[in-house]
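These are my notebook entries on a single structure. I looked up the surroundings of the ligand, and then a few strands and helices.

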Amino acid sequence: MRKPLVAGNWKMNGTSAKNVLLLDGILAQKDKFSSVNVAIFPPAVYLHQVQMALQSSGLSWGTQNLSQFRQGAYTGEISAAMLKDFGCKYVLIGHSERRCLYAELDLDQLVLDHIVADKIDMALTEGVTPIICIGESPEEHAKGQTEEVIARLMDIVINQSGVKALAQTVLAYEPVWAIGTGKSATPEWAQEVHSFMRERVAKHDRATAESLQILYGGSVKGDNAAPLFSMPDIDGGLVGGASLDADEFVKICQAACS
Ligand code: PEP
């Protein structure tokens, strides 16, 4: 039985004062979603604030990215060991907004997939659970390349880290055309892709596939979360915009309660 996980990605939003209100608003209602794992991903500068607020709450926290390198002359980067130092349980890896930034530097998608795989290895070394974001762009979607895009990254990770490593990760299907657009995938579409992802792992190791949490992300809101989360292969959500409103976020967490 996979316990649902709802992850709130604050992206580059928040102030110290606004964060207090948001966290207080969520914590005041935490009895409403006690059967769900919940994690918050603030901008890294607020990590300590979030750690202090959540440390005895049962909720978890993490960052939106990490370096693929262990330590040293990498100005502006954050290492896996630092995440561990701040009590992070999870880290988002390969978010499409990060990919877009790198793509501006003309890095090939295949190169990016290998960087994602290196980051996953680094997180696992420190015992921080990677939430691996995978999804097709609007152009790839229009060309019917969803499975190809997803299989490419999954195969790189499986070849590099081994299928057993996936058992210590969470996957998130995040179609880029649904992120921040208000246009969520339908539950049926998302289920089909999640099932494809699980089967891809099952070809190597069925037990790992069965235990693997696969989240859906892309314009999840309080009023569309329940039908998405009711699908057999959708184990919760990665939530961006709606995680900035305490009541809306709590509604989504409640929708994940079975
Ligand atoms: C995200 O940032 O991962 C995301 C899914 O954003 P949104 O919920 O705003 O579409």
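Entry 1
Which atom of the ligand is 2.9 Å from an N or O atom in the side chain of His-95? I found that it is an oxygen atom. I note that the model is predicted. Gly-180 places a backbone N or O atom 2.7 Å from an oxygen atom of the ligand. For Gly-240, a polar backbone atom is 2.8 Å from an oxygen atom of the ligand. I also looked up the area: the ligand taken alone exposes 290 Å², and the protein buries 97% of that.

Entry 1: the shell around the ligand.
I recorded 14 residues surrounding the ligand, and the closest are Lys-11, Glu-174, Gly-180, Ser-219 and Gly-240. Sorted by class, the shell holds eight polar, four nonpolar and two charged residues.

Entry 2: strand β3.
Are the residues of β3 buried or exposed? I found that Ser-60 and Gly-62 on one side are buried, as are Trp-61 and Thr-63 on the other, and both faces of this strand (residues 60–63) are covered.

Entry 3: the neighbours of β3.
Strand β2 (residues 37–41) runs parallel to β3, and two bridges join them. Ala-39 has Ser-60 of β3 as its bridge partner. Strand β4 (residues 90–93) also pairs with β3 in the parallel sense, over two bridges. Here Thr-63 has Val-91 of β4 as its bridge partner.

I traced β2, helix α2 (residues 47–54) and β3 as a right-handed β-α-β unit. A right-handed β-α-β unit is also made by β3, helix α3 (residues 80–85) and β4.

Note on methods: Residues are numbered from 1 along each chain as its sequence is written. This is a predicted model: local features need pLDDT of at least 70, side-chain atom pairs count only at pLDDT 80 or more; totals for chains, interfaces and linings use all residues. Side-chain values use heavy atoms; hydrogens and water are left out. A residue is near a molecule or strand if one of its heavy atoms lies within 4 Å of it. A polar contact is a pair of N or O atoms within 3.5 Å; within protein, one must be able to donate a hydrogen and the other to accept it, and residues adjacent in sequence count only if both atoms are side-chain atoms. Accessible areas come from the Shrake-Rupley method with a 1.4 Å probe; for residues, only the protein chains shown count as cover. Ala, Val, Leu, Ile, Met, Phe, Trp, Tyr, Cys and Pro count as nonpolar, Asp, Glu, Lys and Arg as charged, and the others, Gly among them, as polar. Buried means under 20% relative accessible area, exposed over 50%, partly exposed in between (1.4 Å probe, protein chains only). Helices (H or I, at least four residues) and strands (E, at least two) are DSSP runs, numbered from the N terminus. Two strands pair if DSSP finds at least two bridges between them. A crossover is right-handed if, with the strands pointing away from the viewer, the path from the first strand over the helix to the second runs clockwise.
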